[in-house]
Amino acid sequence: MHHNKLQKIFIALIASSVIWPLLAQTAEDVVVSAAQNSDLHARVLAASCAACHGTNGNAVTGSNENRNAILAGRDANDFTTIMLGFKDGSREATVMHHHAKGLTEDEIRQLAVYFSKQKPTGAVLLKPQTLKAYHE
Ligand code: HEC
């Protein structure tokens, strides 16, 4: 009886000492690989640019105005120069200085490489669909 209880406790201890490190290991792996995988980090950062510059830097404005600049396929050095200008305030901006200041210089370089590797898709806004306003 007494033994049985101890055995259960023992088994529970063994089980948790096996399971917990496994769970911890998995979580740790994810964190570590995210930090090490700069491409993944760049993709996460690039997602914050998507609202204005499109998915993977392919803005769908059909124009290349600065505010909706297509970043895909952009020369990495030009990109870095522009972003560092936003960051140190030497380049005029309405919103980009906020974005650039939130990035480290290293992150800007990672983004530069990331966007330079994206293929411009030449995405354009679809024409608004025109529907006939009557039925037969
Ligand atoms: C809220 C919309 C918005 C978001 C989000 C945004 N941008 Fe911009 N971006 C702009 C605007 C507006 C400009 C024009 C400069 C200005 O007025 O700030 C611009 C300009 C730029 C330019 C210069 C383009 C050129 O040819 O002169 C680059 C490069 C750029 N953004 C990169 C980024 C990156 C990288 C991110 C994400 C970290 C980002 N932007 C997020 C709105 C945005």
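**View 1. Gly54 in the loop between H3 and H4 of the predicted model**. Gly54 counts as buried because 21 C-beta neighbours lie inside 10 Å, where 20 or more are required. Its place is the loop that joins H3 to H4. Along the chain, Gly54 and Leu71 are 17 residues apart, and their C-alpha atoms are separated by 8.4 Å.

**View 2. Asn56 in the loop between H3 and H4**. Helix H3 spans residues 50–53, and Asn56 lies in the loop between this helix and H4. Asn56 is not a glycine, yet its phi is positive, at about 55 degrees. Most residues other than glycine have a negative phi. Is Asn56 buried or exposed? Asn56 counts as buried, because 21 C-beta neighbours are found inside 10 Å.

**View 3. The contact of H2 with H6**. Helix H2 covers residues 38–47 and helix H6 covers residues 105–116. Their axes come within 9 Å and cross at roughly 90 degrees. H2 and H6 are therefore roughly perpendicular to each other, the range for that term being 65 to 115 degrees. From H2, the contact takes in Ser38, Asp39, His41, Ala42, Arg43, Leu45 and Ala46. From H6, Glu107, Gln110, Leu111, Tyr114 and Phe115 take part. Sorted by class, the residues of the contact of H2 with H6 are six nonpolar, three polar and three charged.

**View 4. Helix H6 and its buried residues**. H6 has 12 residues, and the distance from its first C-alpha to its last is 16 Å. This is close to the 16 Å expected at 1.5 Å a residue. Which residues of H6 are buried? They are Ile108, Leu111, Ala112, Tyr114 and Phe115. An α-helix has 3.6 residues a turn, so residues three or four places apart point the same way. The cover over the buried residues of H6 includes H2 and H4.

**View 5. The largest nonpolar core**. This core has 17 residues, and Met83, Leu111 and Phe115 touch the most other members. Helix H4 (76–88), helix H5 (96–101) and H6 each supply at least two residues of the core. H6 gives the largest share, five residues. In soluble globular proteins, nonpolar side chains tend to be buried together.

**View 6. Phe115 and its contacts**. Which residues does Phe115 touch, not counting those up to four places away in sequence? The contacts are Ala46, Gly57, Leu71, Ala72, Arg74 and Phe79.

**View 7. Gly102 in the loop between H5 and H6**. Gly102 is located in the loop that links H5 to H6. Gly102 counts as exposed because 11 C-beta neighbours lie inside 10 Å, the limit for exposed being 12 or fewer. Gly102 and Lys87 are 15 residues apart along the chain, and 8.3 Å separates their C-alpha atoms.

**View 8. The protein as a whole, for orientation**. The protein has six helices and zero strands, and its elements run α-α-α-α-α-α from the N terminus on. Of its 136 residues, 17% count as buried. Among contacts between residues at least 6 apart in sequence, 59% join residues at least 24 apart.

Note on methods. Residues numbered from 1 in each chain as written. Predicted model: local features only at pLDDT ≥ 70, side-chain atom pairs only at ≥ 80, totals over all residues. Axes fitted to C-alpha atoms, helices over the stretch in contact; angles between N-to-C directions. Helix = DSSP H or I, 4+ residues; strand = E, 2+ residues; numbered from the N terminus. Parallel < 35°, antiparallel > 145°, perpendicular 65-115°, else oblique. Contact = placed C-beta atoms within 7 Å. Nonpolar A, V, L, I, M, F, W, Y, C, P; charged D, E, K, R; others polar. Core = buried A, V, L, I, M, F, W, Y, C linked by C-beta atoms within 7 Å. Expected span 1.5 Å × (residues − 1).
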